[in-house]
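This report walks through one chain, from overall layout to side-chain detail. Please keep the sequence and the structure open while reading.

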Amino acid sequence: MGIFSIFNPIATIIYGLILRIKFSWFSRKKKKKRKTTRIFLEKKLHGKGLEDKIVERIIDNYLRFGETIFDRKVIHAAFSINRTLDPKKVQQKNNR
């Protein structure tokens with residue numbers, strides 16, 4: 001274990017860099033999608049005779065709704081509730 005203990009900090013640094021690069025890539029991609037969606041909705045809604053303030057509220061609510069629905073924690077919580085309410089799966093957990 002003494003020989004491999006040298007590699008633990010190096011591996012931690014490498015994984016940290018990989019996670020940081022992936023997070024920045026995901027953030028850029030998410031911002032680009034939000035901007036594209038905002039531009040598309042502005043084009044569609046400005047021709048309908050709505051006020052600018054109302055259009056901005058509609059777009060903000062649309063974007064927030066999408067983030068809430070597609071948030072992984074929310075989806076995971078929804079599926080975990082189904083598992084806890086299923087009595088067969090609860091009994092299997094208790095038997096283990």
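Which side chains meet in a salt bridge at 2.7 Å, N to O? They are those of R38 and D60. A salt bridge here is a side-chain nitrogen of Lys or Arg within 4 Å of a carboxyl oxygen of Asp or Glu.

## Basis of the model

This is a predicted model, in which local features need pLDDT of at least 70, side-chain atom pairs count only at pLDDT 80 or more, and totals for chains, interfaces and linings use all residues. Residues are numbered from 1 along each chain as its sequence is written, and side-chain values use heavy atoms, with hydrogens and water left out.

## Overall layout

The chain has four helices and zero strands. Along the sequence the pattern reads α-α-α-α. Helices (H or I, at least four residues) and strands (E, at least two) are DSSP runs, numbered from the N terminus.

The chain holds 96 residues, and 5% of them count as buried. Buried means under 20% relative accessible area, exposed over 50%, and partly exposed in between (1.4 Å probe, protein chains only). The accessible surface is about 9400 Å². Carbon and sulfur atoms account for 64% of that surface. Areas come from the Shrake-Rupley method with a 1.4 Å probe; for residues, only the protein chains shown count as cover.

## The salt-bridge network

The count comes to two salt bridges. One joins E56 to R38, with the closest N and O atoms 3.0 Å apart. This pair links distant parts of the chain: E56 sits in helix α2 (residues 52–69) and R38 in helix α1, 18 residues apart. The other is the bridge between R38 and D60, at 2.7 Å from N to O. D60 lies in helix α2 and R38 in helix α1, so this pair ties together parts 22 residues apart in sequence. Together, R38, E56 and D60 are linked in a network of salt bridges.

Are these side chains buried, exposed or in between? R38 is partly exposed, at 23% relative accessibility. D60 is partly exposed at 26%, and E56 is partly exposed at 32%.

## Around R38

Neighbours within four places in sequence aside, R38 is in contact (heavy atoms within 4.5 Å) with E56, I59, D60 and L63. R38 and L63 are 25 residues apart in sequence, and their C-alpha atoms are 8.2 Å apart.

## Nonpolar core

The largest nonpolar core has five residues: L41, L45, V55, I59 and L63. Helices α1 and α2 are the elements that give two or more residues to this core. The largest share, three residues, comes from α2. A nonpolar core is a set of buried Ala, Val, Leu, Ile, Met, Phe, Trp, Tyr and Cys residues joined through side-chain atoms within 4.5 Å.

V55 is in contact with L45, H46 and L50, leaving aside neighbours within four places in sequence.
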